[in-house]
Amino acid sequence: MDWHTHEVFNQYPELTGYNLLATDPALNEALQRAGAGWAVPQLDAYAQRLGQAETYQLAADANRHTPELASFDSRGRRIDRVDFHPSWHRLMAMYRGEGLVSLPFKDERAGRWAAWAAGFYLHSQVEQGTMCPATMTQASIPLLQKENALWQQLGAKLYSDAYDPRDVPVADKQSIWVGMGMTEKQGGSDVRANTTVATPVGAGGRGGEYLLRGHKWFFSAPMCDAHLVVARTGEGGPFACFYVPRWRPDGRKNAVNVQRLKDKVGNRSNSSSEVEFQDAWGILMGEEGRGIPTIIEMATYTRLNCVAGSAAILRQATVQAISYARQRHAFGKALADQPLMRAVLADLALESEATLVLLMRLAQAFEAEGDPAARAWSRLMTPAAKFWVCKRGVELTGEAMEAMGGNGYVLEGVMGRLFLESPVNSIWEGSGNVMCLDVLRAFSREPQAAQALLAELAPIAQGEPRIAAALAQVQALLALPPGDLEGLGRVLVQQLVLVAQACLLRQHAPAFVADAFIATRLGEAGMGARVVGAIDTRGMDVQALLQRAFPA
């Protein structure tokens, strides 16, 4: 029987086969601003490799063939091994081979944090799950550097650009990955509700051996070679941070028993698990009673990575939507030429560039660690950016999917995966409310940093009444009694980020970008309760916005 009833036309695949850096003017400009021009040749080559159809297929395969837990070997021995599809290992090897995991800490050149942010941003546009172990490993480095004995054992392996997937003791590996374990069933973000107990073997104390007993409800990337874990030192005792390897120094598997892998909405290529510590062996890092501040220091870095990951998802969704809309025709002309669709695409382009410019400013702040102004950006704006950027990523990725209609809603292409992936960065490392509370605490505890940040923004706002008015609203909110301000935390943080983005765009972006962002986000025509694309594009150079977002 002949089933051929029609010719396929006006159908276009999702975008592959392009250079992710060469088609991103805003990212190229940010790298030059940060003094990271030295990194551009390597990043350009990596961006070309990432953009190939083969790499997109690796990402699709890694998320389709999800990790599998093998609890026991064929003779009943407990092994708790997580098996991954070969595509996962190829993607992990690609990223590790670029030297990006340890770049900010082992390289002393100016612009190293911007170069790292760009590499993370480029890789995360194509595959996001592999960035979870990369994020945690990177964030563990400054903590482990403070522990001399551990660093002597681990430093070279953390700095290594080789990918070593073997499940063997740390001493036998070329390179290692480090995860983290904080969340317990009863506590979630409230780490102080944790009940896992660490008992000293011998005298204990910093660098001493302990046995951990308890559980973790979310134990990220259980196949990492070690994890940094928060536990109490004794029943009801103070919290401490512990280095817990997958294998004990004597070659036995450590008693970190994987109960099951999480069946997640997105982040499918990466394994997340529930575990029980049945007297798992670990080493105390830092001092007893400093466990939560220690792990929060790690979270400061991982939250920056959340911003980078959501910025990347938004960038890829925007590029895919623009590319598709330029090709797909409806009602007699290309979607990208339809006024309503142009408003949606322009809004996506504005949000994406504003997110990127904020990310790159934060990266520069992390590099200038001792500078008071940089401290203000890293301490205050990182949780604020995580709140706003990650939430906007969820909303706008949905709009980009809708721009592709039903073709965007299926999992055969990248758009569906981006949409399912987008909520994880908003939830992981502190939900939206936790981020807002963290910003409020930072304003309260570090008023000098807060004033330094506002003082930096004020001169940029001069001459632009809408930014000045929004900045005044931020200052008015900060003057409220703490009891009143807490309930307005989301209002404050949203306004703070919008002001920062507007100022940064006014400093660094073309006028047609900055002016359009200010007009659509601040003042009477600002965010309010609106949907994506509900903007007035009259007087806006939409063609220039779309061309800058993704050159045709």
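Modeller: The model is predicted, so local features need pLDDT of at least 70 and side-chain atom pairs count only at pLDDT 80 or more, while totals for chains, interfaces and linings use all residues. Residues are numbered from 1 along each chain as its sequence is written, and side-chain values use heavy atoms, with hydrogens and water left out.

Biologist: What makes E297 and K146 a salt bridge?

Modeller: A salt bridge requires a side-chain nitrogen of Lys or Arg within 4 Å of a carboxyl oxygen of Asp or Glu. The closest N and O atoms of E297 and K146 are 2.8 Å apart, so the pair meets the rule. By this rule, the count comes to 37 salt bridges.

Biologist: Where in the chain do E297 and K146 lie?

Modeller: E297 belongs to helix 9 (residues 291-327), and K146 to the loop between helix 7 (131-144) and helix 8 (148-159). Helices here are DSSP runs of H or I with at least four residues, numbered from the N terminus. The two partners are 151 residues apart, and the pair links distant parts of the chain.

Biologist: Why is E297 called partly exposed?

Modeller: Relative accessible area under 20% means buried, over 50% means exposed, and in between means partly exposed (1.4 Å probe, protein chains only). E297 has 24% relative accessibility, and therefore counts as partly exposed. K146, at 48%, also counts as partly exposed.

Biologist: Why are D347 and R521 called buried?

Modeller: D347 has a relative accessibility of 1% and therefore counts as buried. R521 is buried because its relative accessible area is 3%.

Biologist: Which residue in helix 10 pairs with R521 across 170 residues?

Modeller: That residue is E351. E351 forms a salt bridge with R521, the closest N and O atoms being 2.7 Å apart. Both E351 and R521 are buried. Salt bridges that share partners join D347, E351, R392, E395, R521 and R530 into one network.

Biologist: What makes Q320 count as buried?

Modeller: Q320, located in helix 9, has 1% relative accessibility and therefore counts as buried. Leaving aside residues up to four places away in sequence, Q320 touches E14, L15, Y56, M404, V414 and M415. Contact means heavy atoms within 4.5 Å.

Key:
Helix = DSSP H or I, 4+ residues; strand = E, 2+ residues; numbered from the N terminus.
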